[in-house]
Amino acid sequence: MRVVAGELRGRRISAPLGKKTRPTTDKAREATFNALGSLGVIVGARVVDAFAGSGALGIEALSRGAEHCTFIERDREALEVLRENLETLGLSECSTVVRGDAMTNIGLTRNVSLVLADPPYEFAQWSEFLGEVACDLVVAESDRDMNDESPAITGWEVTRVKRYGRAYVSFIQRLA
């Protein structure tokens, strides 16, 4: 797996072994961040990479000009790989790593402009998760179309959904 674009384009990102994490594909990351770039929300952003795994989403954001990324991950092995990736890529100074559950810790993040959420596919707590988010834009990767979840998500609107293989990437905007 590699950084798709930006300052770190082409640099290698390690992923944890096993099936506990499911890194976002290069194709999905490229399309997602191209769309975020066209919205003008990456450069200078303060980002949270919830359910971070290897950190590929947050690393991509930093490579493309985000100011800071907070990575939230609970799995010990994934945390080791994440910290190694940040150190190897020289991103430790613009990163914070939080060991713990994303559901518990997302509510503690403040002054954030974008949340990237790639939970395990069986995740079904979107309404609760979004209820704790402090910013107005969430990019969510899931095994289902988030439009199917939208009746249960109060105060948010799914504005874009794209499918990449088994994964659906949804842009979810807070309603005014």
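Predicted model: local features only at pLDDT ≥ 70, side-chain atom pairs only at ≥ 80, totals over all residues.

Q: How many aromatic pairs does the structure hold?
A: The structure holds 5 aromatic pairs.

Q: How do I tell whether the pair of Phe51 and Phe129 is stacked, tilted or edge-to-face?
A: Look at the angle between the planes: under 30 degrees is stacked, over 60 is edge-to-face, and the rest are tilted. Phe51 and Phe129 have planes at 40°, with centres 5.7 Å apart, so this pair is tilted.

Q: Which parts of the chain does that pair tie together?
A: Phe51 sits in the loop between β1 and α2, and Phe129 in helix α5, so the pair joins parts 78 residues apart in sequence. Phe51 and Phe129 are both buried.

Q: What is the geometry of Trp126 and Phe129?
A: Trp126 and Phe129 are edge-to-face, at 85° between the planes and 6.0 Å centre to centre. Both lie in helix α5, 3 residues apart, about one turn of the helix. Trp126 is buried, as is Phe129. Ring pairs link Phe51, Phe123, Trp126 and Phe129 into a cluster.

Q: Which residue lies over the face of Phe171?
A: Arg160 does, at 5.0 Å from the ring centre.

Q: Are Phe51 and Asn111 buried or exposed?
A: Phe51 is buried, at 15% relative accessible area. Asn111 is exposed, at 67% relative accessibility.

Terms used. Residues numbered from 1 in each chain as written. Heavy atoms only, no water. Phe/Tyr/Trp six-rings, centres within 6.5 Å; stacked < 30°, edge-to-face > 60°. Helix = DSSP H or I, 4+ residues; strand = E, 2+ residues; numbered from the N terminus. Buried < 20%, exposed > 50% of the residue type's maximum accessible area, 1.4 Å probe, protein only. Lys NZ or Arg CZ within 6 Å of the ring centre and 35° of its normal.
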